[in-house]
Structure formats: C-alpha cells, structure tokens
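Please consider the following structure, which is shown with its sequence. The briefing after it is grouped by topic.

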Amino acid sequence: MKILAIETSCDETALAILEAEGGLENPQIKVRKTELFSQIDIHKEFGGVFPAVAKREHAKTLVPLLMKLFSDLGENLEDGASVVDEAEVKRILEREPGLGDALIDFVKTHEKPDIDLITVTSGPGLEPALWVGINFARALSLIWNIPLIPANHMEGHIVSVLTESRDMQFPALALLISGGHTEIVNIKSWGDYEVIGRTVDDAVGEAYDKVARMMDIPYPGGPEVSQKAKAFREQNTESQFKLPRPMIGTPDFNFSFSGLKTAVLYELKKCELIDDNIKHHMAGEFEQAVVDVLIKKTGKAIKEFDAKTLIVGGGVIANNYIRENLTKLAGENNIQVHFPTHELSTDNAVMIGIAGYFKSFKETATVCPEVKAEGNLSF
Ligand code: KG4
Ligand code: ZN
C-alpha cells in the first residue's frame with residue numbers, strides 16, 4: 001500500500017510517502033520520500049508555540065512541500081491533470097487563506113500520483129494547526145479520489161520505531177516523552193493500546209523548557225539544560241540543590257513535573273545571582289530528579305505488565321542521559337528497548353503514515369470523510 005501522510009499538529013509541517021505491507025501482524029515499512037519544514041525559528045521569537053502562528057505557517061508551507069514531494073510527477077499534462085471541483089475545494093479550505101488557490105494551481109498542472117491511501121493527524125495537538133492539515137488532506141482526497149483516514153499523533157510516536165526491522169514481542173510498553181506529552185502506554189498488539197499512566201500537569205519537555213527559561217536559556221531550552229547537566233555530572237560533585245521527586249512512590253503510573261519546576265523556581269529565588277555555576281548545579285539536580293522518576297515508574301510498569309519490549313518516543317529522547325538510563329533499565333529487566341531514529345524522534349509524517357496504515361485495518365478509509373480536529377485525542 002502506498003501512503004501519503006500529512007502532519008501539522010504542532011510546529012512542524014511534514015509530508016511523507018511510504019510503502020507498507022504485512023498488516024498488523026508483520027508490518028514492513030519502507031519510507032520513499034519525506035519533506036519537513038520546522039517553524040521553530042519563527043516560534044523562538046515568541047518563546048513558545050503560538051497556535052495562530054503555527055496555523056498560518058502550515059497553510060503557507062503545505063503546497064511548496066507537496067511540490068517538492070511530488071517533484072518527479074509529470075507536469076502540465078493536458079490529459080493527466082486532475083479535473084477539479086474548484087468551488088468545493090475552496091469551500092473545504094475556506095479557513096486557510098491562500099491554500100485553496102495554491103493547491104488548485106498545483107493539481108491542475110500535475111498528474112495524479114500513485115497513492116492508495118492518504119492519512120493525516122487528527123489529534124492530539126493544537127486544534128488550529130490540526131485543522132489546516134485535515135482540510136488539506138480532505139481536499140486532496142476529493143481531488144484525487146483517494147481514500148483518507150485520520151491518525152493519532154501519539155500512536156505515531158510509538159510506531160515510529162517500525163522503519164527499522166525490530167524484534168518486537170508483546171506485550172510491549174511505550175514511554176512517550178515530549179514537549180506536550182508524558183505517557184506510558186501498554187501495547188497489547190499493533191493497533192491495540194491502553195494508556196496506563198500520564199502526567200497530571202506538565203510534560204517532561206515542557207518542564208525542561210520552563211526550567212531553562214528561569215535560568216535565561218532561550219526556548220526550547222531542553223537541550224541546553226541537558227548539556228549543563230552533563231557538564232555538571234562530569235565535575236563529580238554533589239549538587240548544592242535538593243529537589244523533590246514528585247509522585248515517585250505513588251502506586252499508579254502517573255507523573256507530575258509542575259511541582260518540580262516550582263521547586264526549581266523557589267530555589268533559584270533564594271540565590272542572589274544565578275551565575276553559570278548555579279545553573280550547572282541546578283541543571284544537574286533537575287535532570288537527576290527527572291531521570292529518577294522516569295526510571296522508577298517505567299520499571300514498575302515493565303514488571304507489573306510483564307512487558308517484553310520497551311519503546312521510547314518523543315523529542316526528549318534526544319537526551320542521552322535519559323536514553324542511557326532507559327537502556328540500562330531494559331537490560332536489567334532482560335527486555336528489548338527500541339528508540340526511533342534521530343529524525344523520527346521529533347514530529348514527522350512518516351510515523352503518521354504508519355499509524356494511518358494500522359488504522360486502515362480497524363476502520364474503512366473513504367474519500368473526503370468528515371474529520372474533526374481533536375486537541376485532546378487519546379487512544
Ligand atoms: O517531540 P518534540 O519534538 O515536540 C513535541 O513536544 O511534540 O519534543 C520537543 C521537546 C522540547 O520540550 C525540548 O526542550 C525537549 O523536547 N528536548 C529535550 C532535549 N532535546 C529536546 N529535553 C531534554 N533534553 C534534551 N536533550
Ligand atoms: Zn509529537
């Protein structure tokens with residue numbers, strides 16, 4: 001099955017073409033082509049992701065990316081060009097200024113591609129951003145008469161490990177750690193998921209970014225905080241700060257990072273000057289608190305659910321210390337651990353293509369279905 005996947009849930013506009021076979025039992029995924037535009041530099045100026053800005057940028061970027069993705073399609077084919085119901089396409093895209101006209105120009109002058117299924121993220125994410133991708137996908141589905149199925153972004157992060165061949169044994173557990181999410185998911189088989197724990201307030205990446213901001217490190221500050229923490233560990237000294245490990249002992253699999261962030265704020269307020277030395281001590285203790293909690297809860301979940309495999313996804317896995325500790329945890333429990341490749345750790349369309357492929361075995365894809373953006377979509 002040839003799949004076109006579209007992702008616009010946050011601040012990356014991403015498209016991918018992939019080929020998938022083997023179904024839910026033995027999925028084999030081949031990535032054919034990807035295009036991605038990150039809005040991070042635009043959002044940096046605001047110190048965070050603004051939904052209205054994200055929406056505008058997605059609308060501006062989708063057709064240029066589509067042109068690149070299909071740059072090998074024949075152009076200006078008199079017979080090949082799609083017959084377009086322009087009024088209907090414009091109606092579907094009426095809330096995305098400029099997108100309707102740009103898309104119509106493209107499809108009128110290009111062949112219909114050889115695609116069997118279109119899939120798009122319908123949630124969770126920022127709703128104004130999600131809508132752009134959904135409306136774009138619906139318009140393409142209508143124009144090319146290709147079935148469309150919505151996909152779950154969090155399922156995407158889990159299945160992103162499947163672009164490489166993996167020894168997958170079920171039940172598996174996924175730990176998803178990003179700027180927007182912190183969840184532990186029990187995977188009984190592909191397509192069958194249950195969230196067993198989540199953050200009750202801030203996500204891990206969000207806590208990193210907020211702590212960074214308190215120390216005047218620009219958004220997104222996670223990577224720099226982790227660099228400072230690494231440098232601190234190399235000094236081999238004890239941190240002058242002692243932070244709490246929120247919810248580390250609770251009997252559930254939930255997390256809380258808001259209290260940890262607040263504790264950082266109080267400690268920093270006591271300091272006369274937040275110099276580089278203070279930043280290193282704080283980053284080191286903060287990262288250790290995060291790791292202690294993540295490892296404790298994940299380890300408990302592995303035992304309780306008798307997991308055979310651990311999958312870790314989300315932007316925070318760029319953090320080597322967290323990675324190392326999770327790898328060690330898997331080793332101690334004699335189970336496999338899988339991380340997506342570096343490019344597929346952050347938001348991308350490849351993972352949405354795989355999630356959409358799986359979804360197509362659970363529900364029937366149709367041409368231009370009604371799809372709703374669901375900001376808080378769960379499994
Ligand atoms: O998954 P992602 O790209 O975006 C979403 O939130 O969906 O994750 C980005 C998050 C940001 O909060 C960023 O600060 C954090 O991942 N991050 C890190 C590191 N690299 C990125 N956090 C800690 N250590 C890192 N090395
Ligand atoms: Zn994500």
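## Structural briefing

In sequence, the donor residues of the zinc ion (ligand 2) are spaced H-x3-H-x189-D. The model is predicted: local features need pLDDT of at least 70 and side-chain atom pairs pLDDT 80 or more, while totals for chains, interfaces and linings use all residues. Residues are numbered from 1 along each chain as its sequence is written, chains are lettered from A and ligands numbered from 1 in the order in which they are written, and side-chain values use heavy atoms, leaving out hydrogens and water.

**Zinc site**
- His153 (NE2), His157 (NE2) and Asp347 (OD) coordinate the zinc ion (ligand 2) at 2.1 to 2.2 Å; donors are N, O and S atoms within 2.8 Å of the metal (3.2 Å for Na, K and Ca), and sites may look incomplete because water is not among the atoms.
- His153 and His157 are about one helical turn apart because they are four residues apart in helix H6 (residues 153-159); helices are DSSP runs (H or I) of at least four residues, numbered from the N terminus.
- His153 is buried at 5% relative accessibility, and His157 is buried at 3%; buried means under 20% relative accessible area (1.4 Å probe, protein chains only).

**Surroundings of Ala355**
- Ala355 belongs to helix H13 (residues 350-359) and is buried, at 1% relative accessibility.
- Leaving aside residues up to four places away in sequence, Ala355 touches Ala151, Asn152, Glu155, Gly156 and Val159; contact means heavy atoms within 4.5 Å.

**Helices H9 and H10**
- Leu260, Val264, Glu267 and Leu268 in H9 meet Ile278, Met282, Phe286, Ala289 and Val290 in H10.

Terms used: Helices (H or I, at least four residues) and strands (E, at least two) are DSSP runs, numbered from the N terminus. Buried means under 20% relative accessible area, exposed over 50%, partly exposed in between (1.4 Å probe, protein chains only).
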